[in-house]
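Student: I have this one open now. Can we walk through it piece by piece?

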Amino acid sequence: MTTRLTGDETALWEAAARVLDANWTGTATIPSPGLYPHQWSWDSAFVCMGLARHRRDRAEQELLSLFRGQWADGLLPHIVFNRTLARHAYFPGPELWRSDRQPGAPRGVHTSGLTQPPLHALAALRLHECAHPSEAERSRAFLQRLYPMLVEQHRYLAQSRDLCSSGLMSICHPWESGLDNSPAWDDPLSAVQPPPAHYTRRSHPTGEDYDRYVWLVTLLRESGYGTGYLRDAHPFAVEDPLVNATYLASTHALAELAQIIGRDPVPHQERAQRIHRALLDRLWDCDAGCFRARDIRADTLLPVVTVTAFAPLLDPELPTPHVRNLVDLLLSARFAGAAGYPVPTCDLQAPTFDRHAYWRGPTWVNTNWLLWLGALGHGLGVIADLLYGSTLRLVRQSGFREFFDPFDGSGHGSHDYSWSAALILDLLGARRAPQAA
């Protein structure tokens with residue numbers, strides 16, 4: 001039998017549920033109060049993992065709210081804006097992206113023109129797997145509705161973002177990685193030379209890099225976000241291990257969803273095999289014993305090793321020698337071996353490591369969760385237990401913060417962060433059955 005939650009775990013469950021309830025807008029979940037007032041793509045995917053165990057009705061609405069922003073070519077934007085908010089409630093807002101001037105963008109919905117790690121099919125599968133047997137028919141009906149949108153999302157990635165015809169998708173902006181200002185992007189960003197900035201920044205990071213971020217958006221917007229421009233001319237184009245590991249995991253999930261609703265899984269299975277082979281061929285660094293991002297403009301692997309090196313553990317067919325190498329690195333003094341609250345987002349021994357600087361060193365709940373899920377898939381019980389225990393310890397000590405100091409566990413960034421709360425619900429739910437509400 002599944003063990004019930006302990007008293008301490010029940011209190012943590014209830015606190016996480018309160019965060020999600022407070023951040024629910026009626027149609028979607030904002031990442032946190034104040035700084036992030038709109039709907040973000042991969043935030044919503046993570047939120048669904050927790051809502052699947054708390055309020056599946058909201059999880060369904062979360063995904064449908066996000067996909068109302070999908071473009072005609074299948075692009076799932078990384079932001080769907082709340083039009084009821086003041087125009088300058090967040091920068092960059094709709095005025096930078098100008099999606100309303102793009103013929104393929106949805107009418108009456110303001111969105112960005114970028115995408116983010118495609119976790120959504122995996123979120124939909126997890127939602128179905130968490131359904132009570134009495135909800136099975138309703139769950140399949142929801143999947144029937146969502147499946148065509150997921151197929152279009154993956155078709156866009158295969159047709160418009162496989163810039164090298166390698167099988168991998170490329171990101172064309174650091175924001176598309178989810179790890180916005182990771183030191184992995186320092187080299188390709190250095191080649192971007194923007195004109196002087198004329199805007200006010202209301203969130204982080206700041207300075208010269210942010211000028212480059214805005215200039216990259218401007219270039220994309222002026223090109224009409226076109227596939228030909230992305231392939232041939234856009235200065236920032238990177239194949240990232242984490243983005244492609246989530247792409248692979250969701251492609252496998254899409255094959256499972258197809259089987260559940262009686263569709264053909266074979267095209268998804270074939271695409272998954274192609275992504276799997278390309279990850280090994282293009283992003284595995286034999287000398288470093290890990291995965292690294294590839295700058296496709298310079299055709300070189302980027303030098304900084306970050307937490308994304310471990311994301312291909314999400315590949316169920318990752319060869320055993322590769323798994324062993326990743327485990328050795330993860331447990332080394334460069335990552336979990338020297339961090340009291342793993343896993344830091346950058347190699348602790350890298351000159352670019354900064355324990356307090358957003359994605360340049362702190363520990364995040366969502367990257368821990370991705371590695372936990374990958375470890376489970378390979379039967380790495382010790383790694384999964386380490387990640388489970390350290391992640392719960394972080395939020396018990398510091399609350400549902402945006403990110404955490406990897407040495408002392410202190411919380412930083414936003415408070416009441418939705419994906420931190422949602423993924424704690426999923427971690428608790430995967431281990432034990434929650435108390436009835």
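Student: What span should helix H13 have at 1.5 Å a residue, and what do its end C-alpha atoms give?

Tutor: This is a predicted model, so every value here is computed from it. Helix H13 covers residues 365-377, and its 13 residues should span 18 Å at 1.5 Å a residue. The end C-alpha atoms are 18 Å apart, which agrees.

Student: How many of the residues of H13 are buried?

Tutor: H13 is mostly covered, with 11 of its 13 residues buried. Among them are Trp-369, Leu-370, Leu-371, Trp-372 and Leu-373. Asn-366, Thr-367 and Asn-368 are buried as well.

Student: Where are they?

Tutor: Arg-98 is in the loop between helix H4 (94-97) and H5. Tyr-358 is in the loop between H12 and H13.

Student: Buried or exposed, for Tyr-358? And what about Arg-98?

Tutor: Tyr-358 is buried, because its relative accessible area is 9% and the cut-off for buried is under 20%. Arg-98 has a relative accessible area of 29%, so it counts as partly exposed.

Student: Back to the loop between H12 and H13. Where is the cis peptide bond?

Tutor: The cis bond joins Pro-342 and Val-343, with omega about 10°. Val-343 is in the loop between helix H12 (320-330) and H13.

Student: Which residues lie nearest its centre?

Tutor: The lining of the second largest pocket has 16 residues, and those nearest the centre are Leu-122, Ala-249, Glu-256, Leu-314 and Leu-373. Leu-373 is also one of the buried residues of H13.

Student: Which helices each supply at least two residues of that lining?

Tutor: H5, H10 and H13 do.

Student: How do the lining residues divide?

Tutor: The lining of that pocket divides into 8 nonpolar, 4 polar and 4 charged residues.

Student: And closed spaces? How many cavities of 30 Å³ or more are there?

Tutor: The count comes to 2 cavities of 30 Å³ or more. The second largest cavity has a volume of about 50 Å³.

Student: What lines the second largest cavity?

Tutor: Its lining includes Ala-184, Pro-241, Phe-291, Arg-292, Leu-302 and Thr-306. That lining divides into 8 nonpolar, 2 polar and 1 charged.

Student: Let's go back to helices. How far does H6 reach?

Tutor: Helix H6 runs over residues 136-160, which is 25 residues, and reaches 35 Å from its first C-alpha to its last. That is close to the 36 Å expected at 1.5 Å a residue.

Student: Where does H6 bend?

Tutor: H6 bends by about 35° at Leu-146. A proline, Pro-148, follows within four residues.

Student: Is Leu-146 buried or exposed?

Tutor: Leu-146 is buried, and the buried residues of H6 also include Phe-142, Leu-143, Leu-150, His-154 and Leu-157. An α-helix has 3.6 residues a turn, so residues three or four places apart point the same way.

Student: What covers the buried residues of H6?

Tutor: The cover includes helices H3 (56-67), H5 (120-129), H9 (227-232), H10 (241-260) and H11 (266-283).

Student: Last topic, single residues. Where is Leu-20, and what is it in contact with?

Tutor: Leu-20 is in helix H1, residues 7-22. Its relative accessibility is 1%, so it counts as buried. Leaving aside neighbours within four places in sequence, Leu-20 is in contact with Leu-51, Ser-418, Ala-421, Ala-422 and Leu-425.

Student: How about Val-217: what does it touch?

Tutor: Val-217 lies in helix H8 (residues 208-222) and is buried, with a relative accessible area of 0%. Not counting residues up to four places away in sequence, Val-217 touches Leu-96, Trp-97, His-173 and Trp-175.

Student: What separates the C-alpha atoms of Val-217 and Cys-172?

Tutor: Those C-alpha atoms are separated by 9.3 Å, with the two residues 45 residues apart along the chain.

Note on methods. Residues numbered from 1 in each chain as written. Predicted model: local features only at pLDDT ≥ 70, side-chain atom pairs only at ≥ 80, totals over all residues. Heavy atoms only, no water. Expected span 1.5 Å × (residues − 1). Bend = angle between axes of the 7 residues up to and from the residue. Buried < 20%, exposed > 50% of the residue type's maximum accessible area, 1.4 Å probe, protein only. Contact = heavy atoms within 4.5 Å. 1 Å grid on protein atoms, 1.4 Å probe; cavity = no way out; pocket = protein on both sides within 12 Å on 5 of 7 lines; lining within 4 Å. Points joined across faces, edges and corners; volume = space filled by probe spheres on them. Nonpolar A, V, L, I, M, F, W, Y, C, P; charged D, E, K, R; others polar.
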